Amino acid sequence: MVRVHNFSAGPAILPEEVLLEAAEEMLDFSGAGMSVMEMSHRSKAFEGILNETKENIRKLAGIPMDYDILFLQGGATTQFSMVPLNLLKNGTADYILTGNWAEKAAQEAGNFNDVKVPLSSKDENYSRIPDMKGYAPTDSADYVHICENNTIYGTQFKELPDTGKVPLVADQSSCIFSRPFDIRRYGLIYAGAQKNIGPAGLTLIIIRKDLIREELPGRVPLMLRYAVHQKSDSMHNTPPTYAIYITGKVIKWLLKNGGLEGAKERNEKKAGLLYDTLDQSSLFRGTCEKASRSLMNVTFTSGDEDRDAAFIKGAAALNISGIKGYRTAGGMRASIYNAMPYESVKVLCDYMKEFERTR
Ligand SMILES: *Cc1c(COP(=O)(O)O)cnc(C)c1O
């Protein structure tokens with residue numbers, strides 16, 4: 001068996017330890033005589049998994065009791081609709097545009113209400129995060145939306161916008177639990193699990209309780225109401241049980257390995273090695289402004305499409321997988337999420353140097 005160096009942007013690499021544990025429990029989870037996949041979501045055993053996972057998330061990220069944690073489905077993309085449906089009152093919302101995902105979120109919100117775009121780096125091909133200094137939310141804004149880590153362009157907010165009393169909503173799909181954060185700065189965080197914390201199928205929501213409203217303007221389906229999921233403890237219908245179970249294991253793995261501080265240290269070390277290699281290279285270059293560089297998705301190019309293609313082809317022979325850039329962005333992208341070992345990043349960097357030397 002060969003496991004590749006998996007730089008996929010998502011679904012993405014998981015800790016080997018977690019996969020092995022899950023394999024061991026595949027036929028019999030903790031004496032239940034069945035797999036978690038085969039188990040009723042109303043069973044004591046699954047209830048235990050869900051509650052433990054929630055408590056561990058509180059512990060890992062310091063989530064206080066005035067925030068709720070919800071396990072939903074539909075991906076981050078469904079949150080593009082749920083956020084405006086639940087948070088818009090009579091006003092509008094500010095969307096800061098830093099890439100494709102932010103654009104898609106703004107577009108979807110625009111289907112429900114008039115949204116504002118106070119800051120955007122679209123004109124610079126999203127190669128940086130706009131300067132947040134001097135930014136203040138639009139007067140009537142019900143919330144401010146950001147995409148905190150831009151998976152496609154390889155940029156990440158280093159400083160959050162100061163939104164005052166207006167709730168900050170962040171799409172953290174590709175950076176959740178990669179470093180410590182102050183939940184008090186946010187009203188709502190959402191993330192598809194499949195990049196940093198688990199398998200596809202689960203969307204994690206951390207929401208300040210006062211933002212959950214029973215009464216919503218217009219007609220909103222039950223499944224798209226935070227209040228419905230809150231009341232039923234994420235069990236309004238069958239939740240993605242297996243995805244929650246694996247995510248629970250990843251959260252435990254993070255707790256065991258130094259929590260978010262530990263994650264940050266490892267992630268900075270990996271990103272540091274890769275960016276240093278890029279900055280010292282006379283062939284490759286990073287595609288975004290240094291001050292905006294992401295810890296999670298490192299985008300780069302040799303400046304020539306054919307050479308990039310040759311680099312990606314050569315990588316496959318070394319079991320380096322998933323480094324082709326997003327279809328519209330081109331070039332290369334190495335996604336180095338929480339579970340990515342330093343050793344794999346080292347293999348990639350050594351290959352970059354070798355490719356440059358022998359070109
Ligand atoms: C992958 C990604 C999405 C889309 O997530 P789905 O779970 O496929 O809906 C949205 N936002 C960001 C930042 C992403 O990286």
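Which residue in S9 stands opposite Ala-170?

Analyst: Ala-170 stands opposite Ile-189 in S9. This is a predicted model, in which local features need pLDDT of at least 70 and side-chain atom pairs pLDDT 80 or more, while totals for chains, interfaces and linings use all residues. Residues are numbered from 1 along each chain as its sequence is written, and side-chain values use heavy atoms, without hydrogens or water.

Strands here are DSSP runs of E with at least two residues, and helices are runs of H or I with at least four, both numbered from the N terminus. Two strands pair if DSSP finds at least two bridges between them. S8 and S9 pair in the parallel sense over 3 bridges. S8 also pairs with strand S5 (residues 141–147), again in the parallel sense, over 4 bridges. Strands of a sheet pair through backbone hydrogen bonds, either parallel or antiparallel.

Now the side chains of S8. Leu-168 and Ala-170 point one way. Val-169 and Asp-171 point the other way. All of these are buried, a word that means under 20% relative accessible area, with exposed over 50% and partly exposed in between (1.4 Å probe, protein chains only).

Follow the chain onward. A loop runs between strand S8 (168–171) and strand S9 (188–192), and Arg-179 lies in it. Ser-178 is found in the loop between S8 and S9 as well. Ser-178 has a relative accessible area of 0%, so it is buried. Arg-179 has 19%, so it too counts as buried.

What do these two residues touch? Contact means heavy atoms within 4.5 Å. Leaving out residues up to four places away in sequence, Ser-178 touches Asn-196, Ala-263, Lys-264, Asn-267, Met-296 and Asn-338. With neighbours within four places set aside, Arg-179 is in contact with Glu-148, Gln-156, Phe-157, Leu-260 and Lys-264. Its side chain also reaches the backbone oxygen of Phe-157 at 3.0 Å. A polar contact is a pair of N or O atoms within 3.5 Å; within protein, one must be able to donate a hydrogen and the other to accept it, and residues adjacent in sequence count only if both atoms are side-chain atoms.

A cavity is a set of points on a 1 Å grid over the protein atoms alone where a 1.4 Å probe fits but cannot get out; a pocket is an open set with protein on both sides within 12 Å along at least five of seven lines; lining residues have an atom within 4 Å of a point. Points are joined across faces, edges and corners, and a volume is the space filled by probe spheres set on them. The count is 1 cavity of 30 Å³ or more. The largest cavity holds about 50 Å³. Ser-178 and Arg-179 are among its lining residues, together with Glu-148, Gln-172, Cys-175, Ile-176, Phe-177 and Phe-181. By class, this lining has 4 nonpolar, 2 polar and 2 charged residues. Ala, Val, Leu, Ile, Met, Phe, Trp, Tyr, Cys and Pro count as nonpolar, Asp, Glu, Lys and Arg as charged, and the others, Gly among them, as polar.

The largest pocket is a separate item. About 370 Å³ of space lies in it. Helix H7 (259–280) gives two or more residues to its lining, as do strand S1 (5–6), helix H1 (16–24) and helix H9 (342–358). The lining has 22 residues, and Ile-13, Leu-14, Ala-339, Met-340 and Pro-341 lie nearest the pocket centre. The lining divides into 11 nonpolar, 4 polar and 7 charged residues.

Strand S12 (residues 297–301) pairs with S14 over 4 bridges. Val-298 stands opposite Ala-334 in S14.
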